[in-house]
Amino acid sequence: MKSMTRIIAAATVVAGAMFSTNASAEVSYNIGYMSEYIFRGYVQKTSSASVGADYEQGGFYAGTWAADVGDGLEVDGYFGYGIETESGFSASLGFTGYYYTGEFDDTYEEINLNLGYNIFSLEYSFGEYDNFGGPDQDYDFLGLSVALESGFYGTYGSFGDDLDGSYVELGYGTTIADFDVGVAAVFADDDVCGALDDNGNCDREESVTFTLGKSF
């Protein structure tokens, strides 16, 4: 955890310096519903509601997001700095922490690196998992996405280090009457649980989720 703490501290100093040079700021809020809450191929909970808030100033961003995971809440916090050029290239460096109010899961903290160009985007994240008091687990995640202007998108994600598994997500998103509406199909391998049975146990590696959200 010491190496992660040093990285977080350095990112905070850099983001703070960049933040102080920009005058304009935007605050937004969001609410949402997911027929199945799926994150990086893993089903977290069927029928989950969420709420979040975001702050942006220049290229600096910070926010929080919370979702119902059955046994308490998942509460995320994140911040970082990003740039985007007129040619369509984008890049960002940030930190994300995933925290839980119940016993559903334990803490994850990670550094996020993102690159994008036109319809393509690449994410590389590496972090540590607290593992309920057992030995901390290091992990990394690599995701490659293609998002078309029509609203269709595809993502391939893969885990490494102490975590294994990969998945493919194919979906479509659009806006209807100021509401964000989406549908996605997720196909995971044997190491990633793609759906839960009625008892909350891993049931299959394929699932379909519908999402509805609104931003203010």
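Which residue lies over the face of Phe-179? Select Lys-214: Lys-214 is placed there at 5.0 Å from the ring centre. A charge sits over a ring if NZ of Lys or CZ of Arg is within 6 Å of the ring centre and within 35 degrees of the ring normal.

The model is predicted, so local features need pLDDT of at least 70 and side-chain atom pairs pLDDT 80 or more, while totals for chains, interfaces and linings use all residues. Residues are numbered from 1 along each chain as its sequence is written, and side-chain values use heavy atoms, without hydrogens and water.

Next, select Arg-40 and Phe-141. The charged end of Arg-40 sits over the ring of Phe-141, 4.4 Å from its centre.

Turn now to the strands (DSSP runs of E, at least two residues, numbered from the N terminus). A closed barrel of twelve strands runs β1-β2-β3-β4-β5-β6-β7-β8-β9-β10-β11-β14 with antiparallel pairing, where pairing requires at least two DSSP bridges between two strands. Within it, select residues 108-117 (β6) and 120-129 (β7), which pair in the antiparallel sense over ten bridges. Ile-111 stands opposite Phe-126 in β7.

Aromatic rings come next. Rings of Phe, Tyr and Trp (its six-membered ring) pair if their centres lie within 6.5 Å; planes under 30 degrees apart are stacked, over 60 edge-to-face and the rest tilted. The count is twelve aromatic pairs. Select Tyr-42 and Phe-159: their ring centres are 5.8 Å apart and their planes at 70 degrees, so the pair is edge-to-face. Because Tyr-42 lies in β2 (residues 42-57) and Phe-159 in β9 (residues 152-161), the pair ties together parts 117 residues apart in sequence.

Finally, select Phe-39, Tyr-98, Tyr-108, Tyr-129 and Tyr-139, which ring pairs link into a cluster.

Methods
Helices (H or I, at least four residues) and strands (E, at least two) are DSSP runs, numbered from the N terminus.
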